[in-house]
Amino acid sequence: MEITNEKTSPSATTTSADLHSPARDASEAGHPLTAKPWTYRSRRIGPIYIPAYASPPFQLGLVAIVCFLCPGMFNALAGLGGGGQFDATTANNANVALYSTFSIVGFFAGTFANRMGIKLTLCLGGIGYFIYIASFLSYNRNQNGGFPIFAGALLGVCAGLLWCAQGAIMMSYPPEASKGRYISWFWMIFNLGAVLGSLIPLGQNIHSDAGGVNDGTYIGFMVLTFLGAAMAWLLVDARAVQRADGSHVVLMKHPTWQSELLGLVETLKTDSWVVLLFPMFLASNWFYTYQFNDVNLARFNVRTRALNGVLYWLSQIIGAYIFGYALDISRVRRSTRAKAVWAVLFIITMAIWGGGYAWQRQYTRAETSAEGYVKMDWTGRGYVGPMFLYMFYGFYDAAWQTCVYWFMGALTNNGRKLANFAGFYKGIQSAGAAIMFRIDALKAPFMNEFASCWGLLAGSLLVALPLIMLKVQDTVPLVDDIKFSDETIEE
């Protein structure tokens, strides 16, 4: 098998960009390298092209694997409803603590990510997922509800850091023409973690119709989350990342805590239109509580919940692929694509959640919580319909998240500003999740929770429409991107 070193561009056609390595281009532009020269060389092993280690696709792949192993396992556990327990009360309380701290830290996390760097930020984030899952293993043994609540609050801090760094990388590393594909690649790899994570409880509980999962499920998740946290140190510094054309990510050369705190305020001043996306941010995790606890946990036994989780996250992969690649169709202007995808989102919001309304009319919280209530198994009659509804819920989630990230990435290419955008997104998103978990913990009627999800999703699309119509440009000039940094066009 032949192994060859190549330039960072995979194109077979030689261009002027191919005549120079990104490492040399960076040096000539006045940016000293912060990674070793070998990280800038792409390779080909037979027909397989491997991007340079310090290139955007390779680095995004590493970030996706970290999220595959950390939030991916968290999602697999959350998808079972109630953190894998028979009753959702403890998990709801832990999640209220989680998303309360997440909403605060997440909003300001861009400051920390810009100042501390992506490796430390992602590693600290991953450790929080390990401790959170360990708390449920402990709860399985001693029923100490305080530990999951503490671990939830800690995870809120850690997750705020992780998701801010991830969002900044995903939106700022790729060139403008590829942002949709990069978002879809990340979302597909990340949700593959939830798919494989859901297979763990499915395999371990496939012959069980009990309400909760066993210790082995939690131990398996703990091993994987610890590995994910450690893998964060394989990343290169953001300043060392070079695109195929030799360009680099626009950042602050000398960030300080003061400059990054002021930058947070400056972002809201210079890009005040972004507040029109805030309702979409709020809606983006609002529906998880309803789907996981009030559909999956309420109606299905443990092995069927695990199967539903596998199908839900698989559908997310499909949704991310379709929407990510559609958002990068080059023959259609970006401003036109933004309007078209808004219309598609509105249509599927009405269609999928309309189907959800028909399903929700069939049961109430009082019925499913009554003593002796028998939960649905995949072998029972009537399972196919709700199975497909749950799959469409997963598809819709990926479509929504992909589009929101793409809308933010279409407003700027500045890595510093996008870190703040990602912080706003995750902070507001988590505030919504905290509110909804608290509502569910108070035993609100299922139909009321469903209505809040559908109404918020549809309403937030209407609020965002002016931004999409007026502020998404076909391209963002470099002169606009560097206004929010201490770099120059020459650099």
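Q: What is the relative accessible area of K443?
A: This is a predicted model, in which local features need pLDDT of at least 70, side-chain atom pairs count only at pLDDT 80 or more, and totals for chains, interfaces and linings use all residues. A residue is called buried under 20% relative accessible area, exposed over 50% and partly exposed in between, with a 1.4 Å probe and protein chains only. K443 falls in the partly exposed class because its relative accessible area is 43%.

Q: In which loop does K443 lie, and what value is its phi near?
A: Helices (H or I, at least four residues) and strands (E, at least two) are DSSP runs numbered from the N terminus. K443 lies in the loop between α16 (415-441) and α17 (446-470). Most residues other than glycine have a negative phi. K443, a residue other than glycine, has a positive phi, near 65 degrees.

Q: Where is Q143, another residue with a positive phi, found?
A: The phi of Q143 is near 60 degrees, again a positive value in a residue other than glycine. As for its place in the chain, Q143 is found in the loop between α5 (118-142) and α6 (146-172).

Q: What percentage of the residues of the chain count as buried?
A: The chain holds 18 helices and three strands. Contact means heavy atoms within 4.5 Å, and among contacts between residues at least 6 apart in sequence, 85% join residues at least 24 apart. Of the 491 residues of the chain, the share that counts as buried is 57%.

Q: Which residues does L277 touch beyond four places away in sequence?
A: L277 is among the residues that touch the most other members of the largest nonpolar core. When residues up to four places away in sequence are not counted, L277 touches F407, M408, L411, A464 and L467.

Q: Which residue is the nearest side chain of opposite charge to D397?
A: D397 lies in helix α15, and this residue is buried yet has no salt bridge. A salt bridge needs a side-chain nitrogen of Lys or Arg within 4 Å of a carboxyl oxygen of Asp or Glu, and for charge, Lys and Arg count as positive and Asp and Glu as negative, while His and the chain ends are not counted. At 9.0 Å away, the nearest side chain of opposite charge is K426.

Q: With which side chain does the side chain of D397 make a polar contact?
A: A polar contact is a pair of N or O atoms within 3.5 Å; within protein, one must be able to donate a hydrogen and the other to accept it, and residues adjacent in sequence count only if both atoms are side-chain atoms. Leaving out residues up to four places away in sequence, D397 touches S284, F287, Y288, Y312 and Q316. At 2.4 Å, the side chain of D397 makes a polar contact with that of Y288.

Q: What relative accessibility does Y288 have?
A: Y288 lies in helix α11 and, leaving aside neighbours within four places in sequence, is in contact with N293, Y312, Q316, D397 and Q401. Y288 and M436 are 148 residues apart in sequence, with their C-alpha atoms 8.6 Å apart in space. Y288 counts as buried because its relative accessibility is 10%.

Q: Why does the ring pair of Y321 and Y325 count as it does?
A: Rings of Phe, Tyr and Trp (its six-membered ring) pair if their centres lie within 6.5 Å, and planes under 30 degrees apart count as stacked, over 60 as edge-to-face and the rest as tilted. Y321 and Y325 both lie in helix α12 (residues 302-326), four residues apart, about one turn of the helix. Their ring centres are 4.8 Å apart and their planes stand at 35 degrees, so the pair is tilted.

Conventions: Residues are numbered from 1 along each chain as its sequence is written. Side-chain values use heavy atoms; hydrogens and water are left out. A nonpolar core is a set of buried Ala, Val, Leu, Ile, Met, Phe, Trp, Tyr and Cys residues joined through side-chain atoms within 4.5 Å.
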